Amino acid sequence: MTPTVPPLEELVAPSHWRTVDFISDLHLQASEPATVAAWQQYLLTTPADAVFLLGDIFEVWVGDDAIHDPGSFEGQVCAQLQAAARRTALYFMHGNRDFLAGGAFLKHCGITGLQDPTVLSFAGQRYLLSHGDLLCVDDVDYQRFRVQARSPAWQQQFLSQPLATRRAQARGIRQESEARKQSGTVYADVDHASAIAWLQAAGAHTLIHGHTHRPADHALAPGLQRVVLSDWDAAALPPRLETLRLSATGLERVALGPM
């Protein structure tokens with residue numbers, strides 16, 4: 001079967017950009033303060049002209065109105081993003097955990113939204129950016145849910161519920177996810193043929209994505225590669241805190257220390 005290639009958006013980097021960072025799968029949540037602290041320090045210290053947040057920045061996002069819930073974790077993190085956006089250009093792409101982050105979130109934080117996938121033109125090269133979940137075509141149950149959950153009707157129905165109800169449902173989903181993880185469930189990886197088809201359609205040589213939590217560099221075909229971002233967990237041994245940094249000389253993985 002011929003792989004499906006979704007519509008491709010394109011972003012041309014401004015000429016003054018010298019360094020760009022890519023991060024994903026931070027899964028920020030109040031119960032993991034060490035990772036949140038590392039994230040705060042990263043935002044304060046990154047030398048990047050732009051930071052691309054390629055999905056699952058939050059463990060869960062139950063609606064933009066959570067930002068204004070007094071004392072909410074969402075509100076605290078968005079305040080950090082607001083401050084960072086005054087210094088650095090921030091771009092956000094939905095993941096499978098924070099796909100409900102909407103226009104109000106982007107506007108409140110001063111972030112530019114990105115379609116999945118997006119081609120970034122930087123220093124004479126083209127890089128294809130994706131969260132990565134859409135490429136895991138063998139995860140049939142998830143792909144079916146993804147179509148349903150991205151539909152306006154489903155989102156309207158979910159977001160029409162009281163915030164407390166949505167939070168309770170999110171807790172249940174997280175518990176189910178953790179149970180599957182503990183059971184040793186093996187999740188589908190990115191489909192090789194689909195990745196090549198996307199790159200060829202984009203006229204790009206490198207696909208950058210997250211989602212799988214399997215950081216590595218994969219040669220797909222002559223001149224084509226995919227680079228998988230690391231997830232973040234400051235409490236892990238050793239800690240997993242990494243950004244992928246792009247400059248005119250190419251890509252470099254930069255390990256960040258726990259804060």
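Cys 78 sits in helix H2, which covers residues 73-85. This is a predicted model, and in it Cys 78 is buried, because its relative accessibility is 0%.

**Cysteines**

- Which residues does Cys 78 touch, apart from its neighbours within four places in sequence? The contacts are Trp 61, Ile 67, Phe 105, His 108 and Cys 109.
- Gly 110 is 32 residues away from Cys 78 along the chain, and the two C-alpha atoms are 9.5 Å apart.
- How many disulfides does the model have? The count is zero.
- Cys 109 is in no disulfide, and its nearest cysteine sulfur belongs to Cys 78, at 3.4 Å.
- Cys 109 has a relative accessible area of 1%, so it goes down as buried.
- Cys 136 is buried too, because its relative accessibility is 2%.

**The sheet with S1 and S9 at its edges**

- Six strands make up an open sheet, running in the order S1-S6-S7-S8-S10-S9 with mixed pairing.
- Strand S1 (9-12) and strand S9 (216-221) are the edge strands, each pairing on one side only.
- Ignoring direction, neighbouring strands here are turned by 25 degrees against each other on average.
- Strand S8 (residues 206-209) runs parallel to S10, and four bridges join them. In that strand S10, His 209 has Val 228 as its bridge partner.
- Helix H7 (residues 192-202) packs on this sheet and touches strand S6 (118-122), strand S7 (125-130), S8, S9 and S10. The direction of H7 makes about 75 degrees with that of S9.
- S9 and S10 go the antiparallel way, with five bridges between them. Asp 217 has its bridge partner in S10, namely Val 227.
- S9 and S10 also form a hairpin, with two residues between the strands. Gly 223, in the turn, has a positive phi of about 85 degrees.

**The sheet with S5 and S12 at its edges**

- Another open sheet of six strands has the order S5-S4-S3-S2-S11-S12, and its pairing is mixed.
- Its edge strands are strand S5 (112-114) and strand S12 (250-255), and each of them pairs on one side only.
- From one strand to the next, the twist averages 25 degrees.
- Strand S2 (residues 20-23) and S3 run parallel and are joined by four bridges. Val 20 is partnered with Ala 50 in S3.
- H1 packs on this sheet, with S2, S3 and S11 as the strands it touches. The direction of H1 makes about 165 degrees with that of S2.

**Aromatic pairs**

- Searching the whole structure turns up twelve aromatic pairs.
- Take Tyr 42 and Trp 232: their ring centres are 5.8 Å apart and their planes are at 80 degrees, so this pair is edge-to-face.
- Why does the Tyr 42 and Trp 232 pair tie together parts 190 residues apart in sequence? Because Tyr 42 is in helix H1 (residues 33-45), while Trp 232 is in the loop between strand S10 (224-228) and strand S11 (242-247).
- Tyr 42 and Trp 232 are both buried.
- Trp 154 and Phe 158 are stacked, because their planes are at 5 degrees, with ring centres 5.5 Å apart.
- Trp 154 and Phe 158 are about one helical turn apart, because they are four residues apart in helix H5 (residues 152-159).
- Phe 158 is buried, with a relative accessible area of 9%, whereas Trp 154, at 21% relative accessibility, is partly exposed. The cut-off for buried is under 20%, so Trp 154 doesn't count as buried.
- Trp 17, Phe 22, Phe 52 and Tyr 91 form one aromatic cluster.

**Glu 59**

- Glu 59 is in the loop between strand S3 (50-53) and H2.
- Is Glu 59 buried or exposed? Glu 59 is buried, because its relative accessibility is 11%.
- The Glu 59 side chain has a polar contact of 2.6 Å with the Arg 97 side chain, and another of 2.8 Å with the side chain of His 27.
- Setting aside neighbours within four places in sequence, the residues in contact with Glu 59 are His 27, Leu 28, Gln 29, Arg 97 and Arg 174.

How values were computed. Residues numbered from 1 in each chain as written. Predicted model: local features only at pLDDT ≥ 70, side-chain atom pairs only at ≥ 80, totals over all residues. Heavy atoms only, no water. Buried < 20%, exposed > 50% of the residue type's maximum accessible area, 1.4 Å probe, protein only. Contact = heavy atoms within 4.5 Å. Disulfide = S-S within 2.5 Å. Phe/Tyr/Trp six-rings, centres within 6.5 Å; stacked < 30°, edge-to-face > 60°. Pairing = 2+ DSSP bridges. Axes fitted to C-alpha atoms, helices over the stretch in contact; angles between N-to-C directions. Polar contact = N/O pair within 3.5 Å; in protein donor to acceptor, adjacent residues only side chain to side chain.
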